[in-house]
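The points below should be read alongside it.

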Amino acid sequence: MSAATAAVPASAPGATAEPAIRVQGITKSFKDVHVLRGVDFEVAPGTVFALLGSNGAGKTTLVRILSTLLAPDAGTATVHGFDVIGDAARVRESISLTGQFAAVDDVLTGRENLQLVARLRHLHSPGRIADDLLARFSLTEAGHRRAATYSGGMRRRLDIAMSLIGEPPVIVLDEPTTGLDPQARIDVWSTIESLAESGTTVLLTTQYLDEAEQLADRIAILHEGTIIQNGTLAELKKLLPAATVEYVEKQPSLQDVFLALVAGRGGQ
Amino acid sequence: MTTHVLSDTGALTHRSLRHILRSPDTIITTAVTPVALMLLFVFVLGGAITTGSDESYVNYLLPGILLITIASGIAYTAYRLFLDLQSGIAERFQSMPIARSSVLWAHVFTSLVANLVSVTVVMGVALLLGFRSGASVAAWLAVAGILILFTLALTWIAVIAGLSARSIDGASAFSYPLIFLPFISSAFVPTDSMPAPVAWFAENQPVTSIVDTIRALFAQQPVGGSIWVALAWLVGILVVAYVFAILAYRRRLR
C-alpha cells in the first residue's frame, strides 16, 4: 500500500517532495510478542495522518520508534528527512511527542512546565513563551497552579502546549483524547485543526473512528502489527471492514445531546 | 549536543530542586532517623560504651551518624528517578533534543544538594548536643570533600536502583543495607570490642576507614593510612557504580 516513490536521499531535509514521516518495513518484537510485523507508510508534510487501531495494535510502539525512544528490530524510519537511528539527535529536534498519559510534571505549575520545556529546547525568553502558550490554551488563570490540580482536559491542553514549544515541524499526538470528556475532546480537536492549518505535520494515533474522521487527511489502520488499509476517508469508507464497526457505537448522537445541553447552560 | 550538557543539566536540576522545595519533608525525614539515633546513642546507650578516648561520645559518634544521614537520603534519589521514569516525564525529556546524560546528572546534583542540607541539619543538632571540634578550615574542607564523595558514590548506586527497580518499594529498599553498614563498623563502638569474624568484617568494610578519617580530622589527629583506604573505597565505589548506572541507563533507553 505504500506509495511507490523512488528512494530519495535523506540529505534533503524539509524539501517539499520529501515525506515528513517515512516508515519502511519496521518490525519490533518484545520477547515472543511480535508487536510490529513490517509497517510501511508515509505522511506528507503539513497533513494530519491518523493511525487507527485497537488497544495493543502497536500504535504506541510505533510512536516510540519514531520519537527515538525505542529502536526497531528491522526496517527504517525517517522524520523530516532524518533517520531515527542514524540521526536521532536531528529527529528529536524535528519531532515533538505528547504521551498517551500526558507526561507533565505534577509538582511544577503549568507555567513552570512550559518554561522548562522552552529551556530544554534552548529558546530565548522562556517566560514569554510560557505566557503566550498559557493564553493560547486558556490556561492563563491556572498557570500558577500546580499541574496536579488540573482537570484531565487542562492537563492534555498543557501537554499539547508543551509539545508545541520550539515549533517542531512534526508533532505526534498519541491518543490525545483518551479519557477526556466530550467538551475537552472538542477543544483538543480544534487545537489539532489549527495546528494543521499552520502547516505542522500531525501524526495522530487514536482508537476512535470519529476522531480520525473529523481530523485526518489520511487514515491508516494498524492491525496485528501491519497497516491493513491506508487511504483518505472517502477511500476507506468503501472498504471499512465490518469488524471495526464496533467502535462507532451510538456515541455521536448522545454526544450531540450532551453538548447541546451543556452549552445551553453556559458552562465552559 | 554536548554544548547543551550544562544548560540542560541546569534546567533539569532546577526542576528537581523545586520538587524538594515543595516537599521539604524529604529533607526532614532524611534527618529525623539519624537525629533520633544520635539521641538514642548519646543519652541511652552511650554511657555504657567505652570508646577508649577522652573525646565526648557525641564527637565519637557524629561521623557515623553523618554517613547514615547520607545513606538514607539517597533513597529519595532512587525514588525520584523511579517516579520520573514511571510517570513518562523522563520519556518526554528523552524525546527532546537535550543532552541525554543530563537527565541523570540533574538527579545526581539534586541528591548532592539535598544531602548537604540534611547533613547540615544533623550537624546543627550535634552542636546542640555538645559536639565540638577545633579542626582547621583545611580539615573541615577535607571532611566536606569526603562527605561529598560519599554522597556521589552512593547516589550513583541509587541511580542504578532507580533505573532498574520495578516498584517504588524496590527503588528505595536497596538503601537499607547501606544504612545498616555503619552499625557494623567503628562508627558506634570500637571494632576490637566485637567477636573476631565481625571485627574482621568491620575493619575491612569501607565505612570504618571513612569514619576513622572523619573522626581524626575533627579531633585534629593524624589521619594516618585510613584516609587513603577511605579514598580508595570511595573512588572505587563511585567509578563502579557510575559505570553500572550508565549501562542501566542505556539498557533502559533502547
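1. Basis of the note. The model is predicted: local features require pLDDT of at least 70, side-chain atom pairs count only at pLDDT 80 or more, and totals for chains, interfaces and linings use all residues. Residues are numbered from 1 along each chain as its sequence is written, while chains are lettered from A and ligands numbered from 1 in the order in which they are written.

2. The mixed sheet of chain A. Chain A holds an open sheet of 6 strands, in the order 6-7-8-3-9-10 and with mixed pairing. Helices (H or I, at least four residues) and strands (E, at least two) are DSSP runs numbered from the N terminus, and two strands pair if DSSP finds at least two bridges between them. Strand 6 (95-98) and strand 10 of chain A form the edges; each has a single partner strand, so one side of each lacks a neighbour in the sheet. From one strand to the next the twist averages 15°; angles run from 0 to 180 degrees between N-to-C directions, and axes are lines fitted to C-alpha atoms, for helices over the stretch in contact.

3. Strands 7 and 8 and the helices on this sheet. Strand 7 (residues 170-174) and strand 8 (residues 201-206) of chain A are parallel and share 5 bridges, with D174(A) partnered by T205(A) of strand 8 of chain A. Helix 1 of chain A packs on the sheet, where it touches strands 3, 6, 7, 8 and 9 of chain A, and its direction makes about 150° with that of strand 7 of chain A. Helix 6 (residues 182-197) of chain A also packs on the sheet, touching strand 3, strand 7 and strand 8 of chain A; its direction makes about 150° with that of strand 8 of chain A. Contact here requires the C-beta atoms of two residues, placed from the backbone, to lie within 7 Å.

4. Strand 9 of chain A. Of the 6 residues in strand 9 (residues 218-223) of chain A, 5 are buried. A residue is buried if 20 or more other C-beta atoms, placed from the backbone, lie within 10 Å of its own, exposed if 12 or fewer do, and partly exposed in between. Strand 9 of chain A pairs in the parallel sense with strand 3 (residues 48-52) of chain A over 4 bridges, and R218(A) is the bridge partner of F49(A). Strand 9 of chain A runs antiparallel to strand 10 (residues 226-231) of chain A, to which 5 bridges join it; there L222(A) stands opposite I227(A). The hairpin of these two strands has 2 residues between them, and E224(A) takes a positive phi near 50°.

5. The antiparallel sheet of chain A. An open sheet of 4 strands in chain A has the order 2-1-4-5 and antiparallel pairing. Its edges are strand 2 (33-43) and strand 5 (82-83) of chain A, each pairing on one side only. Strand 1 (residues 21-30) and strand 4 (residues 74-79) of chain A are antiparallel over 5 bridges, with R22(A) opposite T78(A) of strand 4 of chain A. Helix 1 (residues 59-66) of chain A lies across strand 1, strand 2 and strand 4 of chain A, at about 120° to strand 1 of chain A.

6. The contact between the chains. On chain B, 21 residues are in contact with 20 residues of chain A. Helix 1 (5-22) and helix 4 (89-94) of chain B are the elements giving two or more residues to chain B's side, and helix 1 of chain B gives the most, with 7 residues. This side of chain B has 7 nonpolar, 7 polar and 7 charged residues; Ala, Val, Leu, Ile, Met, Phe, Trp, Tyr, Cys and Pro count as nonpolar, Asp, Glu, Lys and Arg as charged, and the others, Gly among them, as polar.

7. Helices 2 and 3 of chain B. The axes of helix 2 (residues 25-45) and helix 3 (residues 57-87) of chain B come within 9 Å and cross at roughly 150°. Helix 2 and helix 3 of chain B are therefore roughly antiparallel to each other (under 35 degrees counts as roughly parallel, over 145 as roughly antiparallel, 65 to 115 as roughly perpendicular, the rest as oblique). The contact of helix 2 with helix 3 of chain B comprises 12 nonpolar, 6 polar and no charged residues.
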